[in-house]
Amino acid sequence: MSAAQDRLKFAWLEVTGLCNELCDHCYADSSPKGTHGTMTALDWTRTIDQLAEIGTEDVSFIGGEPTLYPYLGELITYAHAAGLGIEVFSNLTHIREPLWETFMACEVKLATSYYSDSAADHDKVTRLRGSHKKTRANIAKALSLGIPLRGGVVAVNQGQRVKEAAQDLLALGVETVGGDRTRAFGRASKGAAPTINDLCGHCAHEKCAIGPTGDVWPCVLGRFLTLGNVKKTPLAEVWGGPQMAGVTADIEAVHGDGVQACTPPQFLPMCGPCSPCVPSVGHCDPREADAMAQTATIGSSA
């Protein structure tokens, strides 16, 4: 089955390009200079309505740093009322008390990136002094509140303590810990143009990403491939429409017809190397999982 025939079950909602960290490997090129884009809160609620109407099951609020978006709590509440399962992917450095209450009330799941058990090592990646202390403390707080949380360890720097990072997460009580290498998108590309060959090939299969300007992408990494724009075209027409058909044909020309390597666990909720994909996606190809885990060097903790 081609991607255009798949039902859209999962969507990343990139509500902002603003981030308080400045990681060299950021695929979204987010930074303290980023903006919330042109999507208003009303645009986002309309998009959530459209997702619910076409049968989408889960959404993940991402950024940038989504907790810096002023209407995140309202959007979470709205999505919950619409019957959607919700995850928030956050660096966990900037969560105010009302947002914790919203997380619990709306049965939100959390995800975060964690780079080392060493504060200096972690902060070297994020370029934000004190980020390790805040992230680690809020991981512990989330778990103490009974909020499900998964962690992703990305190998960025030579000598980075990625294995120890995974072990530290497990010791804190995080049950799902994935690992990945740096991917050549955004700042990590160091100016090189993105290519379809660098994608996993799973793009647009039952999922999409929607950015701060309303552009619809086949996945968070494939933002150089636009399926349409929700400010101009209803999502039901974007999904499976002629522009999407062209993009999926281009992807299949490179990767073949069908799912390739599993999307990295720090991007797809509840998915780790050789583990089942998020229930709303429902399929996984682990052929490259061993190689990904070895590159991330987190060993048996993956």
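## Helices H1 and H2

Two residues are in contact when their heavy atoms lie within 4.5 Å of each other. In this predicted model, such contacts join helix H1 to helix H2: Ala41, Trp44, Thr45, Ile48 and Asp49 in H1 meet Leu75, Tyr78 and Ala79 in H2. Sorted by class, the residues of this contact comprise six nonpolar, one polar and one charged.

Helix H1 spans residues 41-53 and helix H2 spans residues 72-81. Their axes come within 10 Å and cross at roughly 20°. Angles under 35 degrees count as roughly parallel, and H1 and H2 are therefore roughly parallel to each other. The crossing of H1 past H2 is right-handed.

## Helices H5 and H6

Helix H5 (residues 131-144) packs with helix H6 (residues 162-172) at an angle of about 35°, and their axes are 10 Å apart. Here, H5 passes H6 in a right-handed crossing.

From H5, the contact involves Arg136, Ile139 and Leu143, while H6 contributes Asp168, Leu169 and Leu172. This contact of H5 with H6 has four nonpolar and two charged residues, with no polar residues.

Helix H4 covers residues 119-126. Which residues of H4 are buried? They are Asp121, His122, Asp123, Val125 and Thr126. The elements covering these buried residues include strand S4 (109-113) and helix H5.

Just after H4 comes Arg127, which takes a positive phi of about 60°.

Methods:
Residues are numbered from 1 along each chain as its sequence is written. This is a predicted model: local features need pLDDT of at least 70, side-chain atom pairs count only at pLDDT 80 or more; totals for chains, interfaces and linings use all residues. Side-chain values use heavy atoms; hydrogens and water are left out. Axes are lines fitted to C-alpha atoms, for helices over the stretch in contact, and angles run from 0 to 180 degrees between N-to-C directions. Helices (H or I, at least four residues) and strands (E, at least two) are DSSP runs, numbered from the N terminus. Angles under 35 degrees count as roughly parallel, over 145 as roughly antiparallel, 65 to 115 as roughly perpendicular and the rest as oblique. A crossing is left-handed if the near helix is turned anticlockwise from the far one by less than a right angle, and right-handed if clockwise. Ala, Val, Leu, Ile, Met, Phe, Trp, Tyr, Cys and Pro count as nonpolar, Asp, Glu, Lys and Arg as charged, and the others, Gly among them, as polar. Buried means under 20% relative accessible area, exposed over 50%, partly exposed in between (1.4 Å probe, protein chains only).
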